[in-house]
Amino acid sequence: MLALAAAATGAAMGTAQARDLVVALKTEPTSMDPQYHALTPNIQLSQTLFDPLVCGDADLVPKPCVAESWKADGKVWTFKLRPNVKFSDGSPLTADDVVFTLNRVPKVPNSPSSFKVYLQKVEKVEAVDPLTVRITTSEPYPLLAINMVGLPIMSAKAMAGSAPEGKTTTELNSGNGLVGAGPYKFVSWKRGAEIVFERNPHYWGPKPAWDKVIYRPISNPAARVAALLAGDVDLIEDPPTDDLERLKKDPKLRVETKASNRVIYVALDQHGAPSPGITDTGGKNPLLDKRVREALSLAIDREALVARVMGGVATPAAQLLPYPMFGASDKLTKAAKADPDKAKALLKEAGYPNGFTMVLGTPNGRYINDSKVAQTIAAMWTRVGVKTSIDANAPAVFFKNRDSYAYSAYMAGWGTATGEMSNTLNSLLVTPDKDRGVGTTNRSRYSNPEMDKLVESSAAMMNDGARAAALARASEIAMADFAMLPIHFEHSVWAMKKNVRFQGRADQQTMVQYATQAN
């Protein structure tokens, strides 16, 4: 029936494929469980199947979604749900489903990057009535509403199971329990080949433009462009930077560019000694020395990297969130100039006049030009005496290695779904504390009590100015300590057929519910 409807509509519009959208993804998701892995390839698909209480627009400004309104009274937040919201199986979405969703988060085992970061300070979640949810925090917590963007609502009925979390991640990956209230519903997933969604007939919001969406993971950028030019796909993520001018001039195509908040960074092992991948140090971990971390930062010519490797599709970074986003410091708006001579002097001062040998881990195909960027950084480090090779792997392998602390140094990226600094610092640099849901992606195991205290205290500041100032100061402390090395902020690019229109998003997510048909 779906194929017949699509064909009939397509014939009316002059193309048999007009009601289907084929999207080439640069990275395949690691899971369909919306609470397993806080990773953009996962999030952009889960938020197409499941709507959260609060949504973020293209610039991450919060707007009502499943919740039509919310208010805070001290430590108590009240969310009023939209009436008549239904899941894709036709069952009603109620406050009980919200309670189940939020309570499930800490029960999901083995999460590589836990969603607990969105539930800090939450003590209790209650269903007051079918359309009212009350959330009580341990202290006033102004970030609660924006944090709800990261937690799409699941069906308690469909998710029922014998495990503590209900349906397991494995079951969800097979499609069992994937019942959401988003614009599309799950059809199938053939790993490495395609993921298929179709329109949710019960969706409460605007009817999405496409009957069916087919996602095809194509990790090679040139292959994505070839698929678009051949007409095999309609929309692609991140075409090669070298191809952008050619694609922009093609009358059959459209190119959309958007500055993102995704920072590409290098994390440095600060846990102990010895450190994996480091040799020629007598068993010491040189990355524990701030002077060495500063030397590695000064060796990187960010301006040249952005111009030559990124083709200008990035902005050099001086901190982990671009200013003037909330909590970014106005003192860290311009990346420091490269200074190889000072880098060499610092290495000598730290006791490494002849440098040392190190391996830099990197994904190959997760971020724009990621392996090329890593190779360039490795060459810049080698020039100051730190002889660096890279270990580039497919994203799934890279993240597995990273999460098992296999790297002394690795390059990765972070895009904050909330658009403010506390999410970034709490995830990447606050001292890891599994029970509190902080430091969830702090694989360098950096720890600075002064910075931690500022980030934690900011969470209870209801005054926006005071909270932003505290976070900015925390950012300044971390950057002065060279806790990790920000490299650049990506500019995201999408290329598409002329009959497709998609507005780029600051969170880099390819959310097909916002893709429309152009005249």
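## Second largest cavity

α2 and β17 (484-497) each supply at least two residues to the lining of the second largest cavity. Helices (H or I, at least four residues) and strands (E, at least two) are DSSP runs, numbered from the N terminus. This cavity has a volume of about 110 Å³. On a 1 Å grid over the protein atoms alone, a cavity is a set of points where a 1.4 Å probe fits but cannot get out, and lining residues have an atom within 4 Å of a point. Grid points are joined across faces, edges and corners, and a volume is the space filled by probe spheres set on the points.

The second largest cavity is lined by 13 residues, and K26, T40, E237, D238 and Q508 lie nearest its centre. By class, the lining has three nonpolar, five polar and five charged residues. Ala, Val, Leu, Ile, Met, Phe, Trp, Tyr, Cys and Pro count as nonpolar, Asp, Glu, Lys and Arg as charged, and the others, Gly among them, as polar.

## Basis of the model

The model is predicted: local features need pLDDT of at least 70, side-chain atom pairs count only at pLDDT 80 or more, and totals for chains, interfaces and linings use all residues. Residues are numbered from 1 along each chain as its sequence is written, and side-chain values use heavy atoms, with hydrogens and water left out.

The structure holds seven cavities of 30 Å³ or more. α2 (40-49), α12 and β16 (409-414) each supply at least two of the lining residues. The lining divides into eight nonpolar, nine polar and four charged residues.

The largest pocket holds about 860 Å³ of space. A pocket is an open set of grid points with protein on both sides within 12 Å along at least five of seven lines. There are 37 lining residues, and H37, N110, S111, P112 and D403 lie nearest the centre. Helix α12 (residues 395-403) gives the most to this lining, with five residues. The pocket lining has 17 nonpolar, eleven polar and nine charged residues.

## Nonpolar cores

The largest nonpolar core has 73 residues. Such a core is a set of buried Ala, Val, Leu, Ile, Met, Phe, Trp, Tyr and Cys residues joined through side-chain atoms within 4.5 Å. Buried means under 20% relative accessible area, exposed over 50%, and partly exposed in between (1.4 Å probe, protein chains only). Y265, I377, W381 and L429 have the most contacts inside the core. W381 is in contact with V266, L268, L296, A299, I300, M358, L360, V386, T388 and L485, leaving aside neighbours within four places in sequence. Contact means heavy atoms within 4.5 Å. Another core, of 38 residues, lies apart from the largest one, and V66, V133, Y141 and A181 are among its members.

## Enclosed helices

Helix α3 (residues 95-104) is largely enclosed by the rest of the structure, because seven of its ten residues are buried. These are A95, D97, V98, V99, T101, L102 and R104. They pack against β5 (76-81), β6 (122-129), β7 (132-137) and α5 (169-173).

Helix α8 (residues 290-298) is also largely enclosed, because seven of its nine residues are buried. The buried residues are V292, R293, E294, A295, L296, S297 and L298.

L346 lies in helix α10 (residues 340-349). At 9% relative accessibility, L346 counts as buried. Not counting residues up to four places away in sequence, L346 touches R291, E294, A295 and L298. The C-alpha atoms of L346 and A392 are separated by 28 Å, and the two residues are 46 apart along the chain.

Y410 lies in strand β16. It is buried, at 3% relative accessibility. Beyond residues up to four places away in sequence, Y410 touches Y265, V266, A267, L360, G361, F398, R402, T441, R443 and S444. K185 is 225 residues from Y410 along the chain, with 36 Å between their C-alpha atoms.

S458 lies in helix α14 (residues 449-458). Its relative accessible area is 1%, so S458 is buried. The side chain of S458 reaches the backbone oxygen of V455 at 2.7 Å. Leaving aside neighbours within four places in sequence, S458 is in contact with R467, A470 and L471.

Conventions
A polar contact is a pair of N or O atoms within 3.5 Å; within protein, one must be able to donate a hydrogen and the other to accept it, and residues adjacent in sequence count only if both atoms are side-chain atoms.
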